[in-house]
Amino acid sequence: MSESNHTSSTHDDHHSHGGFWSTYIFSTDHKTIGKQFLWLGLIMMIVGGLLALMFRWQLAWPVEKFDSAIWGLGWLSDENPFLPEGKMGPDVYNMFVTMHATIMVFLVVMPILVGCFGNFLIPLMIGARDMAFPWLNLLSFWAAVLGAIVMSCGFFVEGGHASAGWTGYAPLSTVSDYSGVEWGQNLWAISLFILSLSSLMGSVNYITTIINMRTKGMNWFRMPLSVWALFVTAILGLLALPILGSACALMIFDRVFDTAFFNPAKGGEPLLWQHLFWYFGHPEVYILILPAMGMASDILSVFSRKPIFGYRAMVYAMSSIAFLSWIVWGHHMFQSGMNPALGTAFMMTTLVIAIPSAIKTFNWLGTLWGGSIRFTLPMLHGLAFVILFVVGGLSGIYMASNVVDIYIHDTYFIVAHFHYVIFGGTIFAIFGGIAYWFPKMFGTYFDSALGKVHFWLTFIFFNLAFFPMHILGVGGHMRRIYDPTQYEYLADLQPMNVFITLAAAGMGLGQIPFALNFFGSVFSLSGKVYKSFTQILTSLIVAFISYKSVAFLLEGITKPVITNTSRTVSGIVSIVLFILVYRYLVSNMKTLGEPAVQNPWDANTLEWVAPTPTPHGNFGPELPVVFRNPYEYSVPGENEDWAPQTTPLKPQADGASH
Amino acid sequence: MMSWLPENISLEGKEVDFFFYVSYYLTNITFIIVAITMAVFLIRYRQKPGKKAKYTHGNNTLEIVWTIVPTVILLVFVLMTQASWARLKYTPPTNPDVRVEIIGKQFNWVIVYPGPDKKFGTSDDLKLDNQLNVPVNKQVLITLKGEDVIHSLFIPAARLKQDILPGRKTPFWFTPIKTGKYEMPCAELCGVGHSGMKGELVVHTEKSYQEWLKTAWTKKEEKP
């Protein structure tokens, strides 16, 4: 094995001197492909986020005309197909809701979490030179791009994009007459089919790489938990995505070739779609969270300077989650009309799957216990991941209970629940992962001071936007309704819809510092002008958000009565915050794009043994040899509180590790 | 949080609310314990000069404890729930006081009353759009039918919800215990007119129900 690696190393050195196209566009280097997936995901995140803000607008002010001139959006004229007569129609609303979810799940979270981190981390962390099948890897990325292009085309076809919800329940999705959507839904299904192939190629690659290409000494139980998580995820992907692909193929047959798999008017079975979709969909939920759990485990251990608590328990918990995720799908269908006897079985399995999640949470707390905790930027995101995941996990109990679900099903409670898991959990872990691995990925630092402003804005406004959704759900507010004011019993809850929209807008603005930081650090915009621009813009955003927040606090959100007092008070608060944030940034921000050192966090795992910038082939002529577990921090008797996995253990310390 | 629940008007709703409260206390207590533990750890074990982290890989006893405790709690929770689930969803009443059919179609509830002969599909059936009239304290059995896409009959005040599959009959039953008018929205995205698809549930006293029956059928006879 080492021999073949030798040859591939020399080959790779030769290869890395390729031109622009083979280095940056059609690269077979897993690191480049990982970064490409990151870009794809971040760009689509802007699209998905804007869609969300647009339909949130509709929910907050369903009756009023959108006065585009006031908001400086005069170019959104009345002829705009999405805003006829200055108002979003219910068809557009349904389309935006559908596409927000579809894009966020399939074109943001999956590309970043699995595509980017899977590609970037696996070979580096197990001490391999690249993926097992570099060409398949390249193909996997470009299939994802093709899927994204097909998905985006749907917005521009006659009849609009898919609007049957991201779950695409048949027969609304399969019979055009019921929804008025023509090619939009077809493109939706075709795109998901392509994306499922892309993920399938990735999964095959990850599994093969992890099984075959671990370096000498990298036993299964010396792998970092990120790699374990990605391994388990890849197995889930390998088995789950063909189901999505098949379901989408059947949908296309029904729509284009007039078959009747799901159409009851012709003898089809609408529940079949739900079974197929959720049989894929529940493992998919864990595809969206397991890698985040792995990354959070790594981050928590490094910045507590402590071995992860219960390493093997963590591995077994993830494996049992993966296994159980195949037998819980029916909890999405308690009220669907399937045999209610199945409801009992599925409630049982669903609560059983809560146990490994609980085990993982307790082990994260155990990792913090007795640590020497550093509140770095990745750690803040990691800690936010833990606490928000706990909220999301616990709110899941309500839906898991089939009796409570009768009421809570299809309300905002479930919307709150999955945003706490997917945004609060996964996206925070993604932000943490970007901050943590940025020096290795891009060879520069992701600025920590700017990142912390972004973290707090996101953390605060995430909770303000999504926590009240639990209350909406308890009030009986259905999800996916276009105009809540059509219902008398929801009248009292309408101010909360306004509040949520404002908080979501605050969260959206809070992403600008992230974008500035990301661009500046990736492209080494080290000039003073860009830095000052970043500092002033970030402080202005904080000032603006705080001005609005205080003003709403004083005036109420439904009928703002602007008084001079409230204007003065909010003005003072925003000026104070502007000065504080600006001063904080000026004194703490480093020059953007400074070259990173090889191991900035004093971390043990193998990616930090590789040089920065990491060449094609990752390691020098010899592959690293592993002697110890990934989380041997603060080992008694050692001078440093860390040592790379390539350091042999002293005999007595070795004994202690068992 | 519980004060946000709309007022409950059905026997079935009491069972749903009971388990809502159980979940509420269970999850809140767990959250408070975890959050406080985490906060204490974050403050106590923050980085301090000259202090090294504990070198430990875990504790098997603890792992077993925090596997078994949630398992027991959750299993008890499952077992507690199932009798209610069976009452609410498994076993439709064989001898209900009132029978009604509801047909979900884009974007209305068509409510079919069987009339004096108590049989559906006969000429004395009465069809009303979005108007469900039932007497208080009587068990109502509704047969749900669908014509086009999937809809979901949701009565927030009664805490009940059931999807309607086109081409199938799905039973749905409840016993209202409070008179008044309540909304019955559709809870499953069913197309452009989904939002605003709702009916009105009118729970009558026994007396006003009899009066309603009389006037409704008189009107029906006048019509043709």
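1. In chain A, 81% of the contacts with a separation of 6 or more are between residues 24 or more positions apart; two residues are in contact if their C-beta atoms, placed from the backbone, lie within 7 Å. The model is predicted: local features need pLDDT of at least 70, side-chain atom pairs count only at pLDDT 80 or more, and totals for chains, interfaces and linings use all residues. Residues are numbered from 1 along each chain as its sequence is written, while chains are lettered from A and ligands numbered from 1 in the order in which they are written.

2. Chain A contains 20 helices and zero strands. Helices (H or I, at least four residues) and strands (E, at least two) are DSSP runs, numbered from the N terminus. The radius of gyration of chain A is 25 Å, close to the 26 Å that the globule rule gives for 658 residues, so chain A is as compact as a globular protein of that length. This radius is taken over C-alpha atoms, and the rule is 2.2 Å times the number of residues to the power 0.38. The C-alpha trace of chain A spans about 75 × 65 × 50 Å along its principal axes.

3. Of the 658 residues in chain A, 60% are buried, that is, with 20 or more other C-beta atoms within 10 Å of their own, the C-beta atoms being placed from the backbone.

4. Helix H5 (residues 134–153) of chain A has 20 residues and should span 28 Å at 1.5 Å a residue; its end C-alpha atoms are 29 Å apart, which agrees. The expected span is 1.5 Å times one less than the number of residues. Among the buried residues of H5(A) are A:Leu138, A:Phe141, A:Ala144 and A:Met151. The buried residues of this helix pack against helix H3 (30–60), helix H4 (90–126) and helix H7 (183–212) of chain A.

5. The contact between the chains takes 81 residues from chain A and 74 residues from chain B. On the side of chain A that touches chain B, H11(A) gives the largest share, 16 residues.

6. Chain B has an open sheet of five strands in the order E3-E2-E1-E5-E8, with mixed pairing; two strands pair if DSSP finds at least two bridges between them. Strand E3 (126–129) and strand E8 (170–174) of chain B stand at the edges, each with a single partner strand, so one side of each is left without a neighbour in the sheet. Strand E2 (residues 108–113) of chain B runs antiparallel to E3(B), and four bridges join them. B:Tyr113 has B:Leu126 in E3(B) as its bridge partner.

How values were computed: Buried ≥ 20, exposed ≤ 12 C-beta atoms within 10 Å, placed from the backbone.
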